[in-house]
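Hi everyone, thanks for coming along.

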Amino acid sequence: MARAARNGVTIAQVATAAGVSRATVSRVMNGRSSVAADIAERVRTAAADLQYHPSNLARGLSLGRTNTVALVVPDLGNPMFQQILRGAIAAAEPFGFRFLVAETAEHAETEAEIALEARRRCDALILAAPRSPENVLRELLPQVEPVVLINRDVPGLDVPAVRVDYGAGVHSVVDHLVSLGHLDLAYAAGPRASASHALRVRALEEARERHHSLRVTTVPCGSTVDDGYRVADEVLRCGATGVVAFNDLVAFGLLARLNETGVDVPGDISIAGFDDIELAHYATPSLTTAAVPQAELGRRAWGLLHQLVLDRGSAAVDRPVPPRSRPVMPGLVVRSSTGPVPPARRLPTTSSDGAGRALTAAPGGRATWSATSDGWALTADDQPLTRYADGEAMPGVHSPRPYLHPLHSLEGVAMTQTAPTDHRHHYGVSMAVADVNGTTYWGGRTFVRGQGPTLLSNHGRQRTVAAEVVNGGATLAGEVSWTDERGREQLVERRRLTGVLLPELGAWALGWSSGLRAADSDVVIASPATSGRPGAGYGGLFWRLPFADESFVLTADADSEARAHGSRSPWIAVVRRTGDAWTTLLLVQPGEVDPWFVRVTDYVGAGPALAWDATRRIEAGKTFDVDLVAAVADRRLSAVDAADLAEFAVARVHATAR
């Protein structure tokens with residue numbers, strides 16, 4: 001009797017329509033590769049025309065298999081394994097395979113028994129991150145073939161495996177933390193039976209060899225949120241300024257406990273995770289992590305396993321084991337949970353007027369830009385000065401834009417802050433404008449007359465469309481497109497960032513030049529002040545600084561925040577003390593001076609305001625220029641010193657930028 005599908009169409013009818021035998025139809029429907037391509041296509045067309053869908057049960061009986069695959073994982077509560085399962089299911093579904101899932105609950109001693117039982121019920125097995133010792137796996141794996149491993153290798157056995165390069169991921173996280181000044185790290189360790197934990201430990205040992213001043217303290221932990229919460233106090237006691245968590249779940253537990261105890265992340269300690277599970281983006285603060293394409297692991301595992309299943313069903317040829325896939329490379333995602341080393345943990349100071357360390361940038365040295373994996377870096381003799389990030393990973397509600405962070409003085413003192421708890425949409429140094437034709441490039445809430453700050457769906461985006469290093473490496477030149485919330489281009493910006501060393505003065509300078517050209521129609525720049533909120537004329541090139549033990553502001557004719565706010569002084573100086581160390585940020589407007597927006601009490605931030613108390617119009621096709629020179633000095637400046645440094649810094653930047 002011809003086998004019938006669920007809709008009543010039989011395999012014989014398909015064979016007649018295609019002009020082939022029923023055996024040929026069966027081979028095509030079962031995915032066999034022994035049918036010529038043109039004939040197979042004819043069979044599939046006939047089946048589609050007749051809406052023939054073979055019975056999975058009947059097909060399984062005829063093939064002697066269940067069309068079911070077992071996936072054994074150590075912890076189903078970990079979203080990492082959930083995504084692996086989703087990837088495998090999506091890849092296997094077109095072939096009519098289903099999945100049975102078993103969990104070992106991190107009990108290595110029962111893993112082999114669970115895997116054997118699952119394999120008896122299915123055609124094949126995927127073992128994800130098995131915790132069993134190597135000797136147990138050597139005995140188990142031949143009994144459960146066909147089998148594919150995820151994140152585990154057993155030397156000497158021809159078992160296909162899909163692996164993540166955990167070492168590369170750890171190196172990227174450590175290098176990121178070191179670039180922020182962290183040399184005392186804690187590793188919140190994973191389960192001892194985890195092979196990926198061992199790979200992380202090896203990578204941390206290699207990192208210590210590459211960074212000779214790096215200290216890493218291992219804190220036994222685990223793999224769950226509860227584990228991270230439990231060890232948070234121990235992590236704090238070890239004195240680390242940065243933490244490499246085994247995975248994102250451990251990082252979440254750390255964040256929860258640190259939040260309860262009033263520890264600021266990243267102000268007091270930086271936290272980085274691993275995996276980039278979906279919730280990492282929504283943590284508070286959002287989590288810096290090494291991103292693993294988790295669903296891709298499941299898809300790759302199915303690809304290897306499917307070939308094994310097909311080969312096992314074919315007695316014609318003894319085919320070799322499919323090759324192991326290339327390691328999956330994690331990518332670093334920098335978010336808000338990591339920042340510069342906290343002030344109290346920086347190197348000790350010896351002077352009330354300086355940061356107390358000998359200058360590491362020798363007179364005559366140069367500041368040069370170079371490309372990095374996620375932007376550009378300005379360095380002097382391998383000493384990091386600042387990083388220019390593309391801002392693509394910023395949340396949409398923060399009005400994504402390129403920004404400078406971290407930015408340091410020559411002696412390593414942090415001079416920028418991103419995504420602080422008081423204003424999550426503040427990002428180091430950036431062109432942040434509150435209102436451009438109703439679109440905000442400032443981020444957060446918009447001030448609405450008669451209503452106050454209101455969260456609207458009006459967040460624009462600045463995207464770098466071109467960039468190159470010029471002037472012998474001193475200048476980063478690029479073009480930035482400003483698009484509104486609907487993706488329409490409003491402004492095209494010509495941007496140039498020039499770095500200059502001033503080692504004879506214990507300082508370095510940065511020139512920021514922007515030419516804002518209205519794209520296709522007139523552009524009106526506004527602010528909360530022009531909408532009815534007096535004194536809130538912010539919007540323009542804005543510089544957000546970290547808090548310090550003491551901060552005050554100087555101008556050419558004033559020495560208070562109240563008098564500096566809204567003034568048209570050619571320069572302002574934000575003077576800060578952390579412990580006994582003093583630093584000064586000097587901001588200079590070389591040309592026509594716009595009013596200064598200044599804060600040093602509620603938070604520390606400053607910049608020229610483009611729409612202080614009146615809107616500014618840029619006609620279509622016309623360009624408006626914004627120029628600022630900043631000097632960062634490792635000492636306390638007086639008003640007289642600030643005026644002299646302002647003149648000197650502007651001259652050096654302009655001479656270099658030509």
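Let's start with strand β6, residues 184–189, and strand β7, residues 215–220: they run parallel and are joined by 6 bridges. Now follow the chain between them, through helix α9 at residues 195–210: β6, α9 and β7 together make a right-handed β-α-β unit. Please keep in mind that this is a predicted model.

How about the protein as a whole? It has 658 residues, and 56% of them are buried. There are 14 helices and 32 strands to explore. Along the principal axes, the C-alpha atoms fill a box of roughly 100 × 55 × 50 Å. Of the contacts with a separation of 6 or more, 66% are between residues 24 or more positions apart. The protein exposes about 27400 Å², and carbon and sulfur atoms supply 50% of that. As for charges, there are 65 positive and 72 negative ones, and their mean positions are 6 Å apart.

Next, a sheet. Strands of a sheet pair through backbone hydrogen bonds, either parallel or antiparallel. Here we have an open sheet of 5 strands with parallel pairing, in the order β2-β1-β3-β4-β5. Which strands stand at the edges? They are β2 (98–103) and β5 (161–162); each has a single partner strand, so one side of each is left without a neighbour in the sheet. Further in, β1 (residues 68–73) and β3 (residues 124–128) pair over 4 bridges in the parallel sense. V72 has L127 as its bridge partner in β3.

Between β2 and α6 (108–120) you'll find E106 in a loop. Its phi is near 65 degrees, a positive value in a residue other than glycine. Is E106 buried, partly exposed or exposed? With a relative accessible area of 26%, E106 is partly exposed. Then look at P146, in the loop between α7 (134–140) and β4 (147–150). The peptide bond joining E145 and P146 is cis, with omega about -5 degrees. Another cis bond runs from T284 to P285, with omega near -5 degrees, and P285 sits in the loop between β9 (270–275) and β10 (288–291).

Now for some antiparallel pairing. An open sheet of 3 strands has the order β17-β24-β31, and its pairing is antiparallel. The edges are β17 (435–436) and β31 (616–618), each with a single partner strand, so one side of each has no neighbour in the sheet. Between β17 and β24 there are 2 bridges, and D435 has A526 as its bridge partner in β24.

Two loops belong with this sheet's strands. N437 is in the loop between β17 and β18 (446–448), and its phi is near 50 degrees, positive in a residue other than glycine. S521 lies in the loop between β23 (507–518) and β24 (523–526). At 43% relative accessibility, S521 is partly exposed. The C-alpha atoms of S521 and I11 are separated by 65 Å.

Last stop: a hairpin joins β29 to β30 through 4 residues. Strands β29 (residues 596–599) and β30 (residues 604–608) pair in the antiparallel sense over 4 bridges, with V598 opposite A606 in β30.

Terms used: Residues numbered from 1 in each chain as written. Predicted model: local features only at pLDDT ≥ 70, side-chain atom pairs only at ≥ 80, totals over all residues. Heavy atoms only, no water. Buried < 20%, exposed > 50% of the residue type's maximum accessible area, 1.4 Å probe, protein only. Contact = heavy atoms within 4.5 Å. Areas by Shrake-Rupley, 256 points an atom, 1.4 Å probe, with all protein chains shown as cover. Lys, Arg positive; Asp, Glu negative; His and termini not counted. Charge placed at Lys NZ, Arg CZ, Asp CG, Glu CD. Pairing = 2+ DSSP bridges. Right-handed = clockwise from strand over helix to strand, strands pointing away.
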